[in-house]
Amino acid sequence: MPSKQIYVKPYVVKGHYRTIHTRTFKFICANCDDEATRTTYATTCPKYCDKCKDLKKKLGKKKQTSGEVIITSVDSQAIETQENIQLPKQVNVELDSAKLIKYINQLLKNNYNKKLNSSEIEILIDLWNQKEYDEIAYDRNLKIQALIKISSNLMELLSNALGENIDEINFCEIIRKHCLAYESLQPIT
């Protein structure tokens with residue numbers, strides 16, 4: 001890869017052009033432990049070789065907590081297309097609200113260090129049961145505008161944590177997919 005000239009947008013300094021150069025690194029891949037050589041524009045040594053560099057994207061976001069690895073989201077299509085890795089098919093498995101809340105609390109704890117409060121739990125369960133906003137507002141004694149604000153904040157948090165655009169329409173489908181994938185990756189006790 002040859003050197004190239006890039007434009008640096010103005011931030012604290014005036015916008016300008018500069019030339020960046022490639023570097024060739026020899027290293028041991030963190031995944032496959034093979035000796036690797038990569039040429040890159042990066043200033044630091046890469047962690048993975050060319051065949052393993054997309055591994056993190058395929059396997060999902062991983063969080064390291066006290067010695068155990070917790071996988072919070074999984075791209076199941078990428079995993080199923082990769083050789084020798086198959087997710088168990090769990091098409092007819094229904095998720096109860098307790099598993100849903102446990103998964104979402106774990107997801108929020110790993111990404112935002114927070115948990116759902118009781119009103120958010122009730123609203124998520126109602127959305128999971130596909131109730132209409134006016135019905136939820138009546139049952140929870142909330143104004144519809146307040147309910148819409150709470151649910152949209154929840155959907156935004158979940159969208160950012162999972163890396164998918166979640167709204168009230170696709171909420172059940174996406175959360176079911178991620179929750180089942182998360183359960184299938186948990187150790188059997």
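The axes of H4 and H7 come within 9 Å and cross at roughly 105°; axes are lines fitted to C-alpha atoms over the stretch in contact, with angles from 0 to 180 degrees between N-to-C directions. H4 is therefore roughly perpendicular to H7 (65 to 115 degrees). The model is predicted, so local features need pLDDT of at least 70 and side-chain atom pairs pLDDT 80 or more, while totals for chains, interfaces and linings use all residues. Residues are numbered from 1 along each chain as its sequence is written, and side-chain values use heavy atoms, without hydrogens and water.

Leu124, Leu127 and Trp128 of H4 meet Phe171, Cys172, Ile175 and Arg176 of H7 (contact: heavy atoms within 4.5 Å). Phe171 also touches Met155, Leu158 and Ile166, leaving aside residues up to four places away in sequence.

The largest nonpolar core has 27 residues. Such a core is a set of buried Ala, Val, Leu, Ile, Met, Phe, Trp, Tyr and Cys residues joined through side-chain atoms within 4.5 Å; buried means under 20% relative accessible area with a 1.4 Å probe, protein chains only. Ile104, Ile166, Phe171 and Ile175 touch the most other members. Helices H3 (97-112), H4 (118-128), H5 (133-140), H6 (144-162) and H7 (171-185) each give two or more residues; helices are DSSP runs of H or I, at least four residues, and strands are runs of E, at least two, numbered from the N terminus. H6 supplies the largest share, seven residues. Apart from this core lies another, of six residues, including Phe25 and Phe27.

Strands E3 (residues 23-28) and E4 (residues 35-40) run antiparallel, joined by six bridges. Lys26 has Thr37 of E4 as its bridge partner.

Terms used. Buried < 20%, exposed > 50% of the residue type's maximum accessible area, 1.4 Å probe, protein only. Parallel < 35°, antiparallel > 145°, perpendicular 65-115°, else oblique. Pairing = 2+ DSSP bridges.
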